[in-house]
Every structure is written in C-alpha cells, then in structure tokens.
Amino acid sequence: MEKLNIALNEDTRKSVSDQLNSILSAEHVLYIKTRNYHWNVVGPQFYSLHELFEAQYTALSESIDEIAERIRSLGYNAVGTMGEFLKLSNLKEEAPRTYPDAGEMVARLVEGHENNIRALREAIDMIGDECHDEGTADFLTGKMEEHEKMAWMLRSFLAGPSTETSGPSTAK
Ligand SMILES: [Fe+2]
C-alpha cells in the first residue's frame with residue numbers, strides 16, 4: 001500500500017482495489033477460456049469462431065492490463081498468480097481436457113461474459129455510490145459495455161434465422 005492524497009481514504013482505496021482484483025481474476029478466467037476455445041474449436045464454423053475468439057481474447061488481454069494498472073493507480077498491488085486468479089474469480093475455469101462442441105463453446109462464453117457483466121454492474125454501483133470513486137466506476141462502466149458488445153457478437157452465432165430478437169413489441 002502506498003501513500004496517496006487523492007481524496008479517497010485508505011479504506012476506500014483498499015475496498016475498491018479488492019473489488020478490482022476479483023474482477024481482474026474473473027477476466028483472466030474468461031481470457032483463458034476464450035483462448036482454449038480459439039485453439040480447440042472444430043466444425044463448419046471453425047474459421048469464423050477461431051477468428052472471433054482471437055479478437056475477443058485480444059480485447060480481454062488489453063482490459064486485463066488496464067484493470068491491473070488501475071489497481072496500481074490506487075496504490076495497491078494487482079494479483080498476478082494463477083492460484084490467486086482462480087481463488088478470487090467467481091467464474092469457474094473449464095474442466096481439464098474436455099472440449100465442448102462449437103455451439104456449447106459459444107454458449108459458455110456468453111455465460112462468462114454475462115457473469116462478468118453482473119459482477120461489473122454490482123461493483124460499479126458499490127464503487128460509485130458507497131466509495132465515491134467515480135473514476136473507477138466510470139472506467140468499469142466502459143469495461144462492462146465492452147462485455148455487452150462481445151456477448152452480443154457471440155449470441156448472434158447461436159441465433160437461428162427465424163429467431164425473434166427482443167425489442168419493441170408490435171402487439172396491440
Ligand atoms: Fe492463434
């Protein structure tokens with residue numbers, strides 16, 4: 001812990017850093033899951049999914065770095081070992097040597113993004129309302145929006161041609 005004079009007391013910065021380390025950990029688990037699928041996906045959509053997964057793990061990798069550096073900006077250390085990531089993440093990693101089919105991979109990644117969106121939304125509320133750390137709340141809001149976009153792209157692979165998407169109802 002470092003001495004900082006940024007109108008956030010030590011307890012607040014510690015609380016925000018702890019929450020950021022949990023998010024950092026869940027992002028790592030999702031990153032590894034996405035990379036695993038990039039390597040192991042098979043089937044008619046191989047090339048598209050292989051490429052999409054690569055684009056998404058690259059984006060996650062950049063996010064991970066920004067989250068870790070945000071923790072450092074608050075004067076605390078970012079966790080950086082696999083053991084800590086697995087312990088602090090609320091998202092579980094894949095079972096070893098089990099490779100679901102392409103559709104199931106996409107569904108599991110959607111679940112992973114949705115899990116992290118829920119965790120981020122909760123953290124944003126807490127960090128903004130209770131910790132009054134608007135900088136971190138704003139930063140995490142951007143991260144949440146990135147997940148929402150990635151989840152949409154993945155869901156689009158699962159939708160059939162006649163699937164009605166949720167939107168304004170035309171029923172009278
Ligand atoms: Fe690759």
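The legends below describe several close-up views of one predicted model.

Residue numbers start from 1 along each chain as its sequence is written. Because the model is predicted, local features need pLDDT of at least 70 and side-chain atom pairs count only at pLDDT 80 or more, whereas totals for chains, interfaces and linings use all residues.

**View 1. The protein chain as a whole has five helices and zero strands.** Helices (H or I, at least four residues) and strands (E, at least two) are DSSP runs, numbered from the N terminus, and read along the sequence the chain follows the pattern α-α-α-α-α. The C-alpha trace spans about 55 × 50 × 20 Å along its principal axes. Of the 172 residues, 31% count as buried, where a residue is buried if 20 or more other C-beta atoms, placed from the backbone, lie within 10 Å of its own, exposed if 12 or fewer, and partly exposed in between. Among contacts with a separation of 6 or more, 77% join residues 24 or more positions apart, two residues being in contact if their C-beta atoms, placed from the backbone, lie within 7 Å.

**View 2. Helix α2 covers residues 46–73.** From its first C-alpha to its last, α2, with 28 residues, reaches 40 Å, close to the 40 Å expected at 1.5 Å a residue; the expected span is 1.5 Å times one less than the number of residues. The buried residues of α2 include Leu-49, Phe-53, Tyr-57, Leu-60, Ile-64 and Ile-67, and what covers the buried residues includes α1, α4 and α5. Gly-75, which follows α2, has a positive phi near 90°.

**View 3. Helix α2 meets helix α5 (residues 134–158).** Their axes come within 12 Å and cross at roughly 170°, the axes being lines fitted to C-alpha atoms, for helices over the stretch in contact, with angles from 0 to 180 degrees between N-to-C directions. The two helices are therefore roughly antiparallel to each other, since angles over 145 degrees count as roughly antiparallel, under 35 as roughly parallel, 65 to 115 as roughly perpendicular and the rest as oblique. On the α2 side the contact is made by Leu-52, Gln-56, Ala-59, Ser-63 and Arg-70, and on the α5 side by Thr-136, Phe-139, Lys-143, Glu-146, Met-150 and Met-153. By class, this contact has five nonpolar, three polar and three charged residues, with Ala, Val, Leu, Ile, Met, Phe, Trp, Tyr, Cys and Pro counted as nonpolar, Asp, Glu, Lys and Arg as charged, and the others, Gly among them, as polar.

**View 4. Helix α4 (residues 102–130) packs against helix α5.** The 29 residues of α4 should span 42 Å at 1.5 Å a residue, and the end C-alpha atoms are 42 Å apart, which agrees. Among the buried residues of α4 are Met-105, Leu-109, His-113, Asn-116 and Leu-120, and the buried residues of this helix pack against α1 (10–40), α2 and α5. The axes of α4 and α5 are 9 Å apart at an angle of about 160°, which makes α4 roughly antiparallel to α5. By class, the contact of α4 with α5 has 17 nonpolar, seven polar and six charged residues. Just after α4, His-132 takes a positive phi of about 55°.

**View 5. His-28 lies in helix α1.** This residue counts as buried because 25 C-beta neighbours lie inside 10 Å. Leaving aside neighbours within four places in sequence, His-28 is in contact with Ile-64, Phe-85 and Ser-89.
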